[in-house]
Amino acid sequence: MSKPILEVNNLRVSFKMYAGEVQAVRGVSFTLNKGEVLAIVGESGCGKSVTAQTIMRLIPTPPSYIKPGSSILFDGKHEITKLTESQMEHVRGEEMGMIFQDPMTSLNPTMTVGAQISEGIRKHQKVTKAEAMQRAADLLTLVGMSNAQERTRQYPHELSGGMRQRVMIALSLACNPKLLIADEPTTALDVTIQAQIIDLLREIQKKTDTSIILITHDLGVVAEMAHRVIVMYAGKVVERGTLNDIFYNPKHPYTWGLLRSVPRLDSDRNNDLESIPGTPPDLFAPPVGCAFAARCPYAMKICKEVDPEHFDVSAEHSSACWLMHPEAPKVEMPVQAGRGSHG
Amino acid sequence: MLKYVLRRFVYMLITLWVIITATFFLMKLLPGNPFGEVAAKLPPENLKILREQYGLDKPEWQQYLKYIGHVAQGDLGVSYQFPTRSVVDVIKQSFPASLELGIESLIFAVIVGLLLGIFAALKHNKAGDYSAMFIALIGISVPSFVVAPLLSYLLGNKWHILPAGLWQGPEHRILPALALSFGTIAILARMMRASMLEVSSLDYIKTAKSKGLTTWKIVTSHMLRNAILPVITILGPIAVNVITGTLVVESVFSVPGLGYQFVTSITTLDYTMITGLTIFYAAILIIVMFLTDIAYGFVDPRIRMSGRR
């Protein structure tokens, strides 16, 4: 395996609110290798986006705090949690780029597309305004927009949602970042446009060999793009593995639940779509034991008392579940192999 | 853009016409008559001659048509109280002082108000924010009839830093302009702060930050332009308010402005003066709003475009 571009170790992020402390991320660790696509999946509010935005330190402090003991090592040399704000300005945009969820709101309505793209280029590279604009046009061509020169003079409201997301991608690629973080890049788009955007991301990833962190709750998107997957629940990683591990040999009951709740083409239409009963726990006061125990059909006594560590399945695959313990009862995996990998 | 401007212009003319008509007929409903107490002492024949002279003997619709015709030519009639002065003359004489005072205080208010608002927003929930908003709160709650005499008395009479009144050199401008701008500063500061805070939580600010821009760059090139839009909308009416001069400030500092003339004309039921001045005020308001709409179109490309279709 090549060298890691990003090593996140025991990342804990909290929000200090009037009512108390919300522990949004509670000890997340993972590594991302060069040229790799890592998907972070989980339902809303599980800490995916907070994790991603903390890597770029985009969440304002206060209210968010990175807790002591957390480490985000970027490119083997930058300890993100310790950089000053002005050092961060050189990391953001230049070394890392971010694609946001909603292209309708993440572009400035009063600035032309070209100005918004070239702005970042001019911040990080010594180029003239005209050169930056030319580069902006080249980037728009790269993301598959025709008449790029003309497009640079247009405003976001003159473009469709899919086009704007292409602009957003061009913008994040402006300075050839080593790491691209895509925070639910397709959630706000039509299904047909979703497929185009995923194709585009995959193509760009191949062309530029950029490492990508893909945040999503859409397992279809994961199957399309990711090399490795981490599954998050209530601010923690509950299972990690390669794409095949997660889709064909999932070990955590939460992963089973996620896979079962993907609609299938061949299912009987009289069958209801499966869902995971209950809601995620309140992160003001996270439960003592396994956070998923309250919703888990296989929960044992120990699950409610002690939070499980990760049990290794293989070098790449591990799951934080007591069912993995040698003394635990054998549970038949209720997911058919390959369920959910529709694509 | 041209079509947008043209359409706004036509709206402007229609609004103006509605206002002239409404003022004309509403004024006819006022009790009393324009010749005041003199009318009771005059013999009926003389009164009849007077009424004929002013065209008051004709049916109202004829008076109205005649008046509209005159207004269209820029003639607002002759004062009933001072038959030697036309309404246009009065405006020409007293408006420059009001206008100058208004513009000076408006410029001052916009600069100070916006800066105060931006400062407060950037220091959100910190000491700077609280002190800026405290100043704004005072500006809103203390009326000009308190601020104006206080400034005149303290800085003028007591400490002799600036003249307490009158309208001569540039030093005479400072205190009235200050007094007049006080409330406006407060309104603008609060609007700008709210607007800045709203913009700062929007997604595209996060996008700007993710590009690695400095806070200064994010504020100047992403936040200000978007945050100033709602402020521009209220700037029109505010400007008119300030320019047409508040009566209190003008009278405290003995400024020979238009506000004073307006109030006198109402107490003496000077028909032509009331309608004339109302139309004048309304015209300023509407023209300024028209200019505001155009300015808005320049700042916000979305509005510019919708006019193009």
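Which residues are buried in α9(B)? In this predicted model, local features require pLDDT of at least 70 and side-chain atom pairs count only at pLDDT 80 or more, while totals for chains, interfaces and linings use all residues. Residues are numbered from 1 along each chain as its sequence is written, and chains are lettered from A and ligands numbered from 1 in the order in which they are written.

The buried residues of α9(B) are Y204(B), K206(B), T207(B), A208(B), K209(B) and S210(B). A residue is buried if 20 or more other C-beta atoms lie within 10 Å of its own, exposed if 12 or fewer, and partly exposed in between, with C-beta atoms placed from the backbone. Helix α9 of chain B (residues 203-210) is largely enclosed by the rest of the structure because 6 of its 8 residues are buried. These buried residues pack against β7 (96-99) of chain A and α10 (215-243) of chain B; contact requires C-beta atoms, placed from the backbone, within 7 Å. Just after α9(B), G212(B) adopts a positive phi of about 90°.

Chain B comprises 14 helices and 0 strands; helices (H or I, at least four residues) and strands (E, at least two) are DSSP runs, numbered from the N terminus. Of its 309 residues, 35% are buried.

In chain A, 8 strands form an open sheet of mixed pairing, in the order β7-β8-β9-β3-β10-β11-β13-β12. Its edge strands, β7 and β12 (311-312) of chain A, each pair on one side only, where pairing requires at least two DSSP bridges between two strands. Strands β11 (residues 236-242) and β13 (residues 318-319) of chain A pair in the antiparallel sense over 2 bridges, with R240(A) opposite S318(A) in β13(A).

Key. Contact = placed C-beta atoms within 7 Å.
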